[in-house]
Amino acid sequence: MKADRRIGGWAVRTAVLGAVSLTAYPSIRLSAQSRFWRPEDRALISDFSYVTAVAVSPFIVFGATRHGLIIYDRQARAWRLPVTALDGYPAAPVWVALADVTGNAVWLGTTGGWARYDADAQRWDSGAVAGGVRSLMLDARDAASGVFVLGAFGWSFLPRGAILPVEDRPLPPPGQRIQPLDAATALSLSPGAQALRALILTDPRLRSHRFIAAARSPDQSDLFFGTDGMGLVRVDALTAEWEDLPFGLLGARAGAVALAPGGVWVASAGRGGGERHGVAWVAADLSADTTIEGPGALGLGCVQGRRLLSAERLLWLACERGVIRIALGSGRGGGGGGGSAAVRTFDEGQGLPSDDALSLAPAPDGCWVGTARGLAIVTNADKVVPVGNLAQPVLSVAAVRESLWVGTASGLGLLAPGASEVAVTPDVVGQPALRDPILALALAGETLVAVTADQFAWRDPATRRWTLVHARADLGHVTALAADAGGGGGGGAVWIGGLDGLALWDLASGSFHVLRVPYDLPAAVRDVAVDRRWLWVATDSGLVRFARDAARR
């Protein structure tokens, strides 16, 4: 029995199989969603640098990566929206890809079977094959009838529109076979590229990479290579000229996000090892081709990007190595280009109370930094000035003109203009719940919002009275808080992110609208940024861009 349904805005065909001597596998991560999403309303961008299979049509280049299908428009010379697990990308690793010559579509062979994606219809079809599909083949005389698949028991034929391959069709003659191109064969077609391979495969950090997949354009001399860390590379087979086609984040996990004109900056939150770390620029249209990993062998020197602040041509990044200031040069990406960025690290050796930086807020002449052992200000003139004698974790900070609200492990305080110590205000004294660790702070207009493990609270700026509600258990541990752009009612609104979801809290009405993991979001939320059009969410699976109006509905 066949059934068509739409998953995240993509049409998906699945089959219900009875007694079939094939090993079933989840060819698409089908999960019940709390709602259906159009691709333009929700898109995920992640690390797409490891390209395991490539296919090329006259108009499109498809790259199958560990975290999604990337699609490059050859005519527009621009990237289309990526297709990820949120949209039906196969959970099983992709071995091979072959362009469907009948349209802008691609056949994929995975460790569990086959899948086909139609870029124009935004539709997935898939099926299981014992042992997976290690190669694909089209008959040049009749490419529209279906595709040959190589499984554990040899070649079989999958008729177009069918789910299961059959073994009743002979292979086409050798001269009529359209098959994927392996990297070694592709290089043999361009001796110049073969000679320059070491140069082509050395990235700006002088790391060496490999070609692991390839495809040839059917209409030009272009070769497109998939690499193990540099994404896609285009090579002219005749002249050996090459072009890197970078797209995506530095790592699969996004730890922090900050608004900038025209898009956002995203900090990676890796686990060490061989993962890349740094910040990436993502434009509003999701083009992402500018990254900053920092100078030298160590780069920026931090793994866990926790909070990120963008101010004019400066980025401030809080991480486990202190706070890193990145001065952006001229060029692309929020007013700066990655290649000319100047990096400066401020840590305990320069005067921070601790290397463990936890929170950031803009200061009149620099940046407020909350650390595991107190508060400091880092000025644009490279001075680090410790503030007060807190000697405890400063989990969150929120700047209000010359004042600073400070959320610590022992509650909420205020650093008033000209004061040298953080004090507890009378309105906070009257709220015992605000003596618990303040996990997050944000300002919705003039309204201060504070979050503890058990309570969500907001302060009326006119009366200084607090309103408290019980924390939502369905969000899990709270990790992020951001004011909604444009507010929501008379008291404004905020987005609250947690390990299990993201909620819009309308302060005036007290209502919540929840987006849940894994249905609406792919993984735990780490940070949130909002402008009037887009809601940007840093998660453990990458950066999700929501259309703000759609996310609010």
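**Aromatic contacts and overall architecture**

Arg116 is placed over the face of Trp107, 5.5 Å from the ring centre; a charge counts as sitting over a ring if NZ of Lys or CZ of Arg is within 6 Å of the ring centre and within 35 degrees of the ring normal. The charged end of Arg134 likewise lies over the ring of Trp95, at 3.9 Å from its centre. The model is predicted, with local features requiring pLDDT of at least 70 and side-chain atom pairs pLDDT 80 or more, whereas totals for chains, interfaces and linings use all residues. Residues are numbered from 1 along each chain as its sequence is written, and side-chain values use heavy atoms, with hydrogens and water left out.

Rings of Phe, Tyr and Trp (its six-membered ring) pair if their centres lie within 6.5 Å, planes under 30 degrees apart being stacked, over 60 edge-to-face and the rest tilted. By this rule, 14 aromatic pairs are found. The Phe456 and Trp505 pair is tilted because the planes of the two rings, whose centres are 5.8 Å apart, meet at 45°. Phe456 is buried (under 20% relative accessible area, with exposed over 50% and partly exposed in between; 1.4 Å probe, protein chains only), at 0% relative accessibility. Trp505 is buried at 1%. Ring pairs also join Phe48, Tyr72, Trp79 and Phe247 into a cluster.

Across the protein, 55% of the 553 residues count as buried. The secondary structure comprises five helices and 45 strands, assigned as DSSP runs (helices H or I, at least four residues; strands E, at least two) numbered from the N terminus.
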